[in-house]
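Subject: Structure handover

Hello,

Here is the structure I promised to pass on. Please open it first, then read the notes below.

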Amino acid sequence: MGFGFSPPTEVGETIPANTEHAVSVTLPTWAANVAYEEGEAWVADKMTSGYPRFCIHFKIRELERWLEENYGRENESAMVFPSNGAAQRCREFIKRRQDTMAHPQIRVLQLATPKSAENGSAQAHVAVVFFPKELFPVAKQYWQHTGEGVSSRLAEYFLEQYTTANDAKDQSTYVEERFGRNLDVSRTEEAKGALRSRIAGHLCQHVDNVCADQIYLYPTGMTAINSAHRLSMAFNESDKNGLRSVCFGFPYTDTLKTLEKWGPGAIFYPRGTEQELNELESLLKSGTRIAALFCEFPSNPLLKSPNIVRISKMAKDHDFLVIVDDTVGNMSNISVLPWVDMTVSSLTKIFSGDCNVMAGALVLNHNGRHYTELKRIISAQFEDLFFALDALYLERNSRDFAQRSHRTNANAEAVVDLLRSRTDLVKEVYYPKGSDTQANYDQVKVSDGGYGGLLSVVFKNPEHASTFFDAINIAKGPSLGTNFTLACPYTIIAHFLELDFVESCGVDRNLVRISIGLEETKDLLERFERGLKACENS
C-alpha cells in the first residue's frame, strides 16, 4: 500500500487491507473519526478491529466468549493475559480503582495448551481474570494503559489448540506467511535473541559495548513504559512517603495516565520548555525529591525535543532517574542512551513497519550511575510476555529497519517543505527540523541520522483541517511508523473527551498528524498537494 496502490477506504477496514492481525484500522474521514469517538453505530458496528490496546481484537473477544462459556460464572466477564503476574496486577488494579462494590469477586484462572512437538508448535499459557460484568470499563483501563493483554496471535493460537482447525485458519496462515516465508514457532528463542542483538547492534554504532542482555522485549511499547515505571517505583521504595514522577512535555496519552494511576502520582510540565525546566530545577532545589523524569524524544504529536543534556545533569545533581521514550526519533536517528538511565521504545512502529505486530523494548544504560541496582530489580521483575509468533513476525519485519528509516526521513522533509511553503493556508508544521527545539535534537542526532518520519500540521482556518484530511489519498487510521503514509486527526482520536485540557497544553484540537512512508517522493507530494488544493477551493 502506498506504492501505486489505493489505500483502504471503507470504515473499519484493516490497515493494511486484508490483514487479520493489522495494527491500524480505516477511519477515512474526519466525520468518521468523530463518530467513532461518539460511538455512532455507522462506525462502531463496523469496528471488528482497531489499534490493539484501544479496540479488543475479534480473535481475543472470541477467546473471551469461549472462556466465559466454559469457565465463567453468572454475570462474569473475562479478560485474558499472557501470565499470572499480569493477571494478578489487573486484578489488583480493578479492586483499587473500582468504586461500585464493597468486595468484588475477582478471580484468576490459569490455562495452558497441550504440549506438542509436532509441526513446530509450542505450549501457550494464559491467565484469565474473571470479574463482574459491570466492572469491564475499569478492567479495560488496565488493558489499555499497560498493553499487557494477550495479543491477537496468542488468542488465535490458543483457540486453535482447543478447537478444530478449519479452512479459514488455513487461509489466514497462508496470507500471513505469504511469499513462502514460513515461520516456525520452534525458532522463537532464536528470533528473540536476534531482535535483542539487532537493537544492540544499532545502538553500538554510537554507544560502546551495548550488550543484548541490557535489552528487554515486551508485547507493546506501553508495556515497556509501564515496566519502566514499576522499575522506578521499586528503585525508590525505601522512601516511605513515596516519590512522584515528572512527566516532562506533552506525551502520548497513556504514558501520563500510567504515571497518574500507579504510585504516588505525577508532576506534569505539559510544554517541555526551558522555562519549565527552570521551574523543575527550582522545585528540586527547594528540597522536593522525585523518583524519575519521563519524557519523549521528540514528543508525540508536537515533535518537541527536550534538553536531554541539561536534564541528565539535573538528574545527577538531584538524584532521580531519567527514562526517555525514543520511539518517534528512533535509534537510527538519535542516540539518547548515554544521557539517561533507560530508554523505552515501541517496536510496533518503524522498527516493524509492516503494521501487523505489536512490540516494545526497554534498554538499560550500562554506563548509568544506577545500572547495577536497576539491573538487579528488573531481573527479578521481568516476565517474558512476548508471544512466540509475534516475535517471529517482528524479527522478519525489522531486518531492513535502518534503510526504511533513512527513506522516511527524506520523504518527511520533502512533505514538511511543501506544507511550510503554503503560508497562505498552514499555520504551523510541527517537525524537529526547523523547530524551536532543533538544537536540543541536534545534541543527540547521530552523524548519518535524520529528523524522523512523523510531523503534524495545523491550518489557519480550522475548517481546512477536515477538508485537507478528507481529500488526501493516503491511509487514514491510528498508529505511526508504517511503511506507508498514514494520517489521523490526532487530538480528536486520542483526546476526544479532554479537548479543552489538551488545548491548554498547546495541542490544537484540529491538529492532523502524519506518519510518512516509503512511497516515491513525487507521488507522495502530489497526494498532499491534492489536499491543499481542496483547501483552496473550499
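A word on confidence first: pLDDT is the predictor's confidence in each residue, from 0 to 100. The chain averages a pLDDT of 92, and 93% of the residues score at least 70. Where pLDDT is low, the predicted coordinates should not be read in detail.

Some ground rules. This is a predicted model, with residues numbered from 1 along each chain as its sequence is written. Local features need pLDDT of at least 70 and side-chain atom pairs count only at pLDDT 80 or more, while totals for chains, interfaces and linings use all residues; side-chain values use heavy atoms, without hydrogens and water.

Cores

A nonpolar core is a set of buried Ala, Val, Leu, Ile, Met, Phe, Trp, Tyr and Cys residues joined through side-chain atoms within 4.5 Å. Buried means under 20% relative accessible area, exposed over 50%, and partly exposed in between (1.4 Å probe, protein chains only). The largest nonpolar core has 74 residues. Ile199, Phe468 and Phe528 have the most contacts inside it. Helix α15 (residues 401–421) gives the most to this core, with six residues. Helices (H or I, at least four residues) and strands (E, at least two) are DSSP runs, numbered from the N terminus. The core draws at least three residues from each of domain 1 (13–49 + 401–537) and domain 3 (185–398); the bounds come from an automatic or database domain assignment.

What does Phe528 touch? Leaving out residues up to four places away in sequence, its contacts are Val415, Leu418, Phe468, Ile472, Ile474, Thr485, Ile514 and Ile516. Another core, of 55 residues, lies apart from the largest one. Val11, Ala35, Leu321 and Leu362 are among its members.

Strands

Strand β10 (residues 321–325) is mostly covered, with five of its five residues buried. Leu321, Ile323 and Asp325 point one way, and Val322 and Val324 the other. In a regular strand the side chains alternate between the two faces of the sheet.

Two strands pair if DSSP finds at least two bridges between them. β10 pairs in the parallel sense with strand β9 (residues 292–296), over five bridges. Val322 of β10 is the bridge partner of Leu293. From β9 the chain crosses through helix α12 (residues 308–318) to β10, and this β-α-β crossover is right-handed (with the strands pointing away from the viewer, the path from the first strand over the helix to the second runs clockwise). β10 also runs parallel to strand β11 (residues 342–346), joined by three bridges. There, Asp325 has Val344 of β11 as its bridge partner.

Strand β5 (residues 125–132) is mostly covered too, with seven of its eight residues buried. Its pairing with strand β3 (residues 76–81) is antiparallel, over six bridges. Val80 has Val128 of β5 as bridge partner. Strand β4 (residues 107–112) also pairs with β5 in the antiparallel sense, over six bridges.

A helix and a loop

Helix α14 (residues 388–397) has ten of its ten residues buried. These include Asp390, Glu395 and Arg396.

Ser479 sits in the loop between β15 (475–476) and β16 (486–488). Ser479 counts as buried because its relative accessibility is 7%. Beyond neighbours within four places in sequence, Ser479 is in contact with Val23, Tyr51, Lys349, Leu486 and Arg513.

Best wishes

Note on methods. Contact means heavy atoms within 4.5 Å.
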